[in-house]
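User: I would like to learn how to read a few features of a model, with the general idea stated before each case. Could we take them one at a time?

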Amino acid sequence: MTRVAAIDCGTNSIRLLIADIDRSNAGAALTDVVREMRVVRLGEGVDATGELAPEALERTFAAAADYARLIREHGAERTRFVATSASRDARNRAVFVDGIRDLLGVEPEVISGDEEAALSFAGASSVLPILDGHEVLVVDLGGGSTEFVLGTASGVTAGKSVDIGCVRLTERHLRDDPPTAEQVAAAEADVDAAIARAGHDVPLERATAVVGVAGSVTTITAHALRLPEYSPDAIHGVELPIADVRAAAGDLLEMTRARRAELPYMHPGRVDVIGAGGLVWRRILERMGTLTGGRITSATASEHDILDGIALSIG
């Protein structure tokens with residue numbers, strides 16, 4: 001048994017998993033010790049400026065300092081820090097890398113979109129029996145990028161990361177509250193173009209099942225289920241018809257931000273960007289239904305994702 005700490009720093013949130021890894025002939029299994037998430041919006045403005053803002057760096061460093069304390073308190077033997085879309089895009093990412101190294105004593109890895117896709121698949125596939133007998137498309141819908149990863153129980157077949165996400169599309173298009181029809185149409189055009197780019201590298205039409213991971217997908221699932229509060233146990237592994245996902249996603253997109261903030265399962269850090277998350281998720285599922293000739297009629301939500309993949313990758 002090895003205790004490890006995994007940190008996933010994305011465009012919208014920074015998350016920590018401290019877990020015990022039990023490796024056996026049957027594979028590796030994780031037992032959670034601590035699982036935390038902070039919305040720090042590291043990627044605020046990066047799409048427009050190409051740089052990480054000082055205020056965003058300050059928020060991220062404050063969360064990282066708290067995580068460093070938790071890692072020490074719980075005695076994690078090894079730590080891996082992975083940064084994704086916002087850090088890849090930023091000209092001043094060296095400031096971010098230096099600050100994290102000073103706080104945590106580890107070298108933060110600004111990984112490629114391909115590696116992000118593989119880690120997302122590893123995390124989701126570690127706990128979902130849906131892989132048995134299926135060629136599964138895992139969709140990791142983030143703040144700055146979305147990963148499309150096709151694979152089986154044997155591993156990844158193909159993956160592609162594209163620059164669409166809930167923060168990026170909100171800042172680029174969905175500026176009104178609620179957004180106008182013209183803004184929604186412009187965002188959907190971006191999503192359609194990104195799906196087409198993904199399809200050049202990933203044979204999306206071969207998928208026999210779709211799994212969605214990350215906060216936008218799980219929040220949309222919570223809304224479809226009308227949960228009294230956010231409950232990972234109630235969300236994980238839930239399979240919903242595409243029609244139900246479309247209805248829930250459209251509802252969130254059309255709501256005012258004030259109305260979203262009243263929902264009992266809505267994290268405050270997702271209030272302003274979940275509309276764009278819903279737009280992306282419903283559009284992907286609509287296109288998957290078409291690309292597979294109607295074979296894909298539902299999608300499964302997973303609470304286990306790239307964070308679990310990072311933990312499992314620690315040797």
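User: Is D272 buried or exposed, or does D272 fall in between?

Analyst: Burial is read from relative accessible area (buried is under 20%, exposed is over 50%, and partly exposed lies in between, with a 1.4 Å probe and protein chains only). D272 has 27% relative accessibility and therefore counts as partly exposed. This is a predicted model, in which local features need pLDDT of at least 70 and side-chain atom pairs count only at pLDDT 80 or more, while totals for chains, interfaces and linings use all residues. Residues are numbered from 1 along each chain as its sequence is written, and side-chain values use heavy atoms, with hydrogens and water left out.

User: Which side chain meets that of D272 in a salt bridge?

Analyst: A salt bridge is called when a side-chain nitrogen of Lys or Arg is within 4 Å of a carboxyl oxygen of Asp or Glu. Here the partner of D272 is R41, with 3.0 Å from N to O. Because R41 lies in the loop between β3 (27-39) and α1 (46-49), and D272 in the loop between α11 and α12, the pair ties together parts that are 231 residues apart in sequence. Helices (H or I, at least four residues) and strands (E, at least two) are DSSP runs numbered from the N terminus. R41, with a relative accessible area of 14%, is buried.

User: How many salt bridges does a search of the whole structure find?

Analyst: The search finds 27. One of them pairs R35 with D32, whose closest N and O atoms are 2.7 Å apart; R35 is partly exposed at 33% relative accessibility, and D32 is partly exposed at 38%. Another joins the side chains of E109 and R80 at 2.9 Å, N to O. E109 sits in strand β5 (residues 109-110) and R80 in strand β4 (residues 78-83), so this pair, 29 residues apart, links distant parts of the chain. In that pair E109 counts as partly exposed, at 30%, whereas R80 counts as buried, at 12%. Salt bridges with shared partners also join D47, D163, R168, R172 and D190 into one network.

User: Why does the span of helix α10 agree with expectation?

Analyst: The expected span is 1.5 Å times one less than the number of residues. With 13 residues (242-254), α10 should span 18 Å, and its end C-alpha atoms are 18 Å apart, which agrees. Its buried residues are I242, V245, A248, A249, G250, L252 and L253.

User: What does T2 touch?

Analyst: Leaving aside residues up to four places away in sequence, T2 touches A19, D20, I21, E77 and R78. T2 belongs to strand β1 and is partly exposed, at 23% relative accessibility. The C-alpha atoms of T2 and R23, which are 21 residues apart along the chain, are separated by 8.7 Å.

How values were computed: Contact means heavy atoms within 4.5 Å.
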